[in-house]
Amino acid sequence: MKKTRLFITALCVAAVSAASCEEWDPVFTGKYEMPEKVKPVEKTANTTIAELKQMYIDNGNKPVEITGDVMIAGQVISSDRSGNIYRELYIQDETGAIDVKIGKSSLYSDYHLGQWVYVDCNGLMIGSYSGMPQLGVEDETGEYETAYIDAQYIIDTHIFRGEIGKMPEPQEISENDLPRAISQGGFKSPLFGKLVKMNGLTYGAKSSYSTDHYKRIFALLYIDPSKDKGAQSNRIFLSDKTYGVTTWAMSKSKFLENLNAGLFDSARTGDGRAIDAEIKQSLRDNAAAVTMSQYFSFGTTDVQIRTSGFSKFCDNEIDPLILGDPSSSQADGAPVSVTGILTIYNGSAQFTLIDETGVKIINQ
Amino acid sequence: MIRKVTLALVASLVSMTLLAQTGGVKGTVLNRVDRTPVTNAELTLFQGAQEIATAKTDESGNFLIERLEDGIYDLVVKASEFLETRVNVTVNDGYVKNMFNITLTQSRSEIMDEIFEEFDMDDSGYNDNPVILFDQNDVFNSVAGYNFSSVRFNPRGYSSESQDVLLAGVKMNDAITGYSPFSLWSGLNEATRTKYTVTGSEVSDYGLGGYNGLTNIPANASNVRKGLRGSVLTNSALYRLRLMMTYSSGMNDKGWAYAVSASARLGGNDWIDGVYYRSFGYYASVEKKFNDVHRLAATFMATPGSRGAQNASTQEVYDLMGDNMYNSNWGYQNGKIRNSRIRKTHEPIAILKYDYTPNDKFKASATLLYRFGKNGYTAIDWYDAQDPRPDYYRNLPSYFWMENRDFGRRNMFKYAAAKEAWTHSSLYPEMTHVNWERLYDVNRNNLEGVAGIPRSKYISEERRVDQRDLNFAGSFKWNTNSWLTLSGGLNAKINRTENYKIVDDLLGGYYFVDIDSFAEREYASAAAKVQNDLDYYLAHGEARRLYKGDKFGYDYYAQIRNIEAWLNGRFAVGNFSADLGGKIGYSSFWREGLVRKGLFPGLKPDGTDYIIDGVNLSRDSEGNLLPTSYGKSEVKGFLTYAGKLGLNYMIGGRMRIYGNVGFFNDAPNFNMAFMSPRTRNTTVDNLTTTKTFTSDLNWQFTGNGFNARITGYYTYIWDQTDVMSAFDDMQNAFSNFALSGIDERHYGIEVGFKVPTPVPNLSIQGVVSAGRYEYTSNPTMVQTIDNSAEPVEYGGFTTLLIPFWKSTPIFKRDGSGNPTYEIDHYQRHYIPSTPQLATSLGLSYNYNYWYIDGDVEYFDGAYLDMNPLYRTDYATGGPDGIVTPTEVEYMTTQEKFDAAWLVNFSIGKSWYIQRKYQLGFSLNAKNILNNKNVKTGGYEQTRIVDNTVGNERYYRFDPKYFYMSGVNYMLNVYFRF
């Protein structure tokens with residue numbers, strides 16, 4: 001009997017001790033302590049953004065895969081909070097600015113306005129998107145000069161977050177600065193990608209090859225986005241007039257509202273077909289947010305203020321004072337001051353608002 | 001001996017003249033392994049098929065049945081956790097026949113309810129709630145219930161909802177989903193050990209039941225084994241430690257009995273990180289027997305606690321991690337594992353039960369049961385931030401590079417980088433597990449809301465499903481005469497379940513906002529439309545700020561009312577008996593919205609539209625009135641009814657042949673009736689009852705250590721509905737899919753046997769379950785976009801046939817092996833997750849208080865759960881709309897899991913100490929071949945890769961799987977006295 005008791009006792013002890021054995025990862029079920037605050041990274045840049053962009057020029061205006069110890073530093077000047085900038089981060093130093101194609105959404109959660117960001121460029125690629133300098137990774141399909149970085153491992157090993165500093169003041173540029181910058185191009189001019197302020201923009205732009213209308217928008221609709229997007233029969237350009245659209249862009253619901261109101265009935269497909277009931281139904285079935293440009297003039301230079309259909313202010317009405325008389329063929333709207341990111345697209349100036357507060361009527 | 005006899009419980013006799021009723025039968029029921037008495041064993045005395053008397057054993061295992069006339073009888077002995085046995089008894093010359101010891105064979109080891117606890121499927125709409133084979137008296141169920149549990153075997157392919165589980169006579173299946181509610185008492189094994197179970201469509205004394213068995217757990221004090229029992233259990237697959245202590249007084253001379261029990265289940269396991277238990281159990285019951293006629297019992301019990309859940313992942317993730325047990329729910333916080341998905345429950349049950357037994361021929365009972373408390377499930381919620389799930393598809397290597405160029409994923413650099421992280425998880429835990437530190441960092445630094453006060457972008461939310469469930473159940477059994485026994489009852493339920501979310505943890509921030517982030521994607525500039533609480537917004541001009549403990553998101557009652565009456569007549573003549581029964585009832589339910597959502601506000605109290613900032617919230621873009629989120633929905637009511645016929649023929653006392661047929665007309669469950677109950681009152685169109693026809697034929701032999709059953713069954717279920725919600729890439733929106741007209745057929749055989757071998761004390765045992773559980777219809781689907789409630793139009797129609805639901809056409813091949821347009825045959829689609837073939841063969845050895853069992857098992861024919869979207873013409877047509885054989889076969893085929901071999905082994909022994917105490921242990925080792933590649937379930941994601949290079953076809957997202965853990969053990973050491 002003694003043996004039996006001993007055996008049972010041993011079993012009990014074994015069971016209890018097995019249940020508390022150190023080799024088993026103990027499970028914590030108490031109150032978790034808050035993690036320590038993440039410390040800002042301290043690094044030193046050895047290359048300016050201008051020098052980085054120069055590499056592209058030095059390579060015969062072709063994309064360059066950066067090798068070796070190339071570290072840039074810049075302050076964050078963009079925020080995707082309003083949804084108007086998406087998957088991209090603009091940083092600038094004293095010499096210029098660059099669009100870092102991080103490729104993640106809600107970047108403003110991690111990269112704050114004014115925050116210093118260090119980019120180890122080794123292995124990354126600098127390239128152009130229709131003239132606008134971008135820092136990403138190689139696009140192995142060859143379709144674009146760079147691809148989004150978006151693999152977290154690459155982001156974490158190349159992009160480092162430093163101290164949150166004071167947000168840089170926007171650089172004021174004059175009517176004369178803009179044509180000069182455009183002529184220099186995205187890689188030579190320090191202005192593109194930078195936070196700038198332009199005073200005196202007016203609504204409307206000089207006539208183009210496609211229209212005589214002074215006031216106009218630009219939007220591209222696909223009748224069926226699942227079909228060939230390159231086919232003219234599948235495209236509708238809303239580019240020759242305003243079509244009565246007085247918002248910065250169109251959310252899906254706004255687009256449907258405008259479509260159902262007949263605003264686009266006079267448009268044509270890329271191959272000249274009128275918008276009939278069948279096309280309209282397809283547009284309705286495939287409705288999506290519409291990213292759009294509103295044309296403005298800065299002196300003699302056209303500036304497209306381009307706004308995402310997913311931005312929180314896309315459906316906001318542009319102040320009628322800014323728009324002036326819709327049928328007028330001259331700049332009769334109130335001049336505005338705009339603050340945001342200046343970009344270039346095929347030799348034309350584009351402007352991206354960080355949020356709607358970037359537009360102000362002058363002297364109001 | 002006299003004392004023992006006086007302690008014997010009541011015996012009843014029917015249809016005999018008193019003058020001749022002088023004989024009887026007595027004896028003691030013992031456990032065959034350790035010779036311990038079996039208390040509360042049920043003894044039923046038959047003459048042919050006619051039930052003559054019933055009795056129960058007392059605390060010493062003794063029984064006595066008196067007032068029998070001379071004759072030959074069959075005594076059937078049943079007890080929880082033992083196989084049923086039958087013995088012949090001859091009573092002559094008016095003597096009480098002493099049977100001495102009747103030994104029962106223990107059925108398989110204790111089933112751990114916890115292995116069935118639901119998988120974390122909240123995000124997918126997928127549910128895989130299992131069926132537990134409670135019936136341990138039956139040889140098939142005893143072996144299959146234990147051996148097959150690890151592969152999530154569902155007998156006959158039936159779903160959990162079809163199994164009736166009763167507590168003190170009250171049906172406890174979840175009022176919303178119909179699932180078995182075992183988690184309400186798992187961990188209170190001793191207190192709920194006594195169970196009365198019938199299999200298939202047999203009729204129970206406690207209810208007419210359905211077609212998948214009925215189990216009643218009495219749970220009152222007198223049904224808990226007398227004495228003090230304690231056990232220490234450790235196992236490697238669920239939790240480290242279970243401690244349990246139970247005391248039952250037994251019924252004392254004054255007619256009082258009480259029982260108490262407490263338990264704790266604690267710790268993690270060897271296989272799945274983040275899964276743990278911190279659960280407790282408490283139970284108290286007191287019972288008063290006023291005389292032989294009246295008995296009243298009050299019971300209170302609950303299993304409060306929390307447990308960490310696991311999640312399914314794609315095979316790509318498992319392969320990268322080199323571990324099919326990878327769980328994406330957890331991450332490190334300050335070096336400690338923190339699981340984001342925690343089930344937190346405390347749902348007490350209070351029971352008052354009254355039994356009335358005026359005479360031997362009539363007994364009745366009435367139960368009032370109330371279930372209340374809270375049931376929560378945490379999850380990370382985020383607003384205006386990146387998806388924090390580590391295995392989100394954009395974080396995986398396959399998002400960057402795929403061999404198939406049509407995916408357009410050709411970036412090897414990014415692929416290699418992602419792979420580097422995933423294959424070196426220990427170096428990069430922040431990328432392969434939940435990155436808690438980043439979530440805190442993001443929250444702390446989000447100062448762009450109220451100046452200087454960080455607004456949380458990520459929080460831990462707790463999704464609450466709090467039930468208030470009041471039940472009444474009354475039943476009776478009346479032996480009217482020698483050939484007819486009537487049983488019947490009345491059940492009623494009032495259930496009000498509140499569904500809402502609360503802020504569980506702000507994760508370093510100070511507040512959160514009550515905004516619908518899905519709505520904001522579409523209505524970013526319409527602030528009123530994205531409000532979860534529009535009334536608050538209108539009153540305060542901003543979204544509600546949320547702090548810890550605040551309700552948010554949605555809040556509604558599911559209101560359910562059921563009433564049902566049932567009656568069964570058992571006719572017995574000679575060796576033949578028949579059951580004929582039916583039930584009729586009425587079920588109704590409705591939704592009652594408690595907050596007004598901006599997307600679906602309904603009309604103002606004065607009947608006008610909500611027009612805020614120029615946006616008409618009450619109507620869609622075409623002016624149609626939108627459904628409402630607030631107030632009471634339409635009441636859906638259903639007449640339910642069922643009928644059953646059972647025939648039973650006894651051959652020689654130990655053999656019986658019996659069969660059953662039944663028809664059931666059941667109401668749909670609440671969760672199948674509302675399109676999107678979190679947002680609005682919309683119900684599924686053409687909602688109807690589910691119909692079931694079932695039949696079975698059985699042969700059973702019991703006695704002399706032999707147990708065997710062979711069953712053939714056929715069941716047809718039609719007019720089922722289902723609702724699932726998921727993101728639809730084709731619509732680029734979160735959608736709800738309502739399926740109607742799902743029909744299925746279940747047929748097959750079950751074989752179970754346990755027979756002695758020529759080697760003393762050695763038995764051979766085995767089971768075979770071979771069936772076909774298949775879909776037989778192509779249902780229709782209505783899809784609505786969650787943000788607008790607008791039915792999606794396919795070719796101008798809102799109701800869409802799913803042409804490839806029940807089968808996939810397999811096309812003939814040309815000379816090059818490419819499919820032609822000529823169909824070769826159809827490949828059926830099956831009820832998912834459970835194996836269609838499950839077999840087990842083993843040996844069982846019992847000697848001198850030792851038992852040793854070993855089994856080899858084989859499983860085949862388990863299938864992946866399907867989603868309807870892949871089986872539409874639109875998914876198979878692709879962007880170009882042309883349906884090709886290649887696309888049909890690729891998109892609609894149902895995945896079959898690989899067959900699996902498993903080996904289990906058990907050993908145990910008990911010791912009697914000073915003839916007073918019993919000590920023992922059992923050690924069960926499962927899957928000792930350490931097979932880690934056995935899929936036990938999974939589901940197809942609803943998502944589609946729609947941006948293909950060729951623009952001709954779509955691709956599926958990878959499915960997600962659950963795997964069985966490798967070798968695992970359970971060691972239980974117990975003592976009793």
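In the predicted model, strands β2 (residues 42-47) and β5 (residues 71-78) of chain B are joined by 5 bridges in the antiparallel sense. Within this pair, B:Thr44 has B:Val76 of β5(B) as its bridge partner. Both strands belong to an open sheet of 4 strands in chain B, ordered β3-β2-β5-β6 with antiparallel pairing. The edges of the sheet are taken by β3 (50-56) and β6 (85-91) of chain B; each has a single partner strand, so one side of each is left without a neighbour in the sheet. On average, neighbouring strands of this sheet are turned by 25° against each other, direction ignored.

Further along chain B, strand β44 (residues 837-847) pairs with strand β39 (residues 762-775) in the antiparallel sense over 9 bridges. B:Ser840 of β44(B) is the bridge partner of B:Val767. An antiparallel pairing over 11 bridges also links β44(B) to strand β45 (residues 850-860) of chain B, and here B:Tyr845 is bridged to B:Ile852 of β45(B). The hairpin of β44(B) and β45(B) has 2 residues between the strands, and B:Asn848 adopts a positive phi near 50° in this hairpin.

Between the chains, 58 residues of chain B are in contact with 56 residues of chain A. On the chain B side, two or more residues each come from β12 (227-235), β20 (336-339), α4 (412-423), α6 (436-444), β46 (900-913), β47 (917-926) and β52 (968-976). The most is given by α4(B), with 7 residues. By residue class, the side of chain B that touches chain A consists of 25 nonpolar, 16 polar and 17 charged residues.

Key
Residues numbered from 1 in each chain as written. Chains lettered and ligands numbered in written order. Predicted model: local features only at pLDDT ≥ 70, side-chain atom pairs only at ≥ 80, totals over all residues. Pairing = 2+ DSSP bridges. Axes fitted to C-alpha atoms, helices over the stretch in contact; angles between N-to-C directions. Contact = placed C-beta atoms within 7 Å. Nonpolar A, V, L, I, M, F, W, Y, C, P; charged D, E, K, R; others polar.
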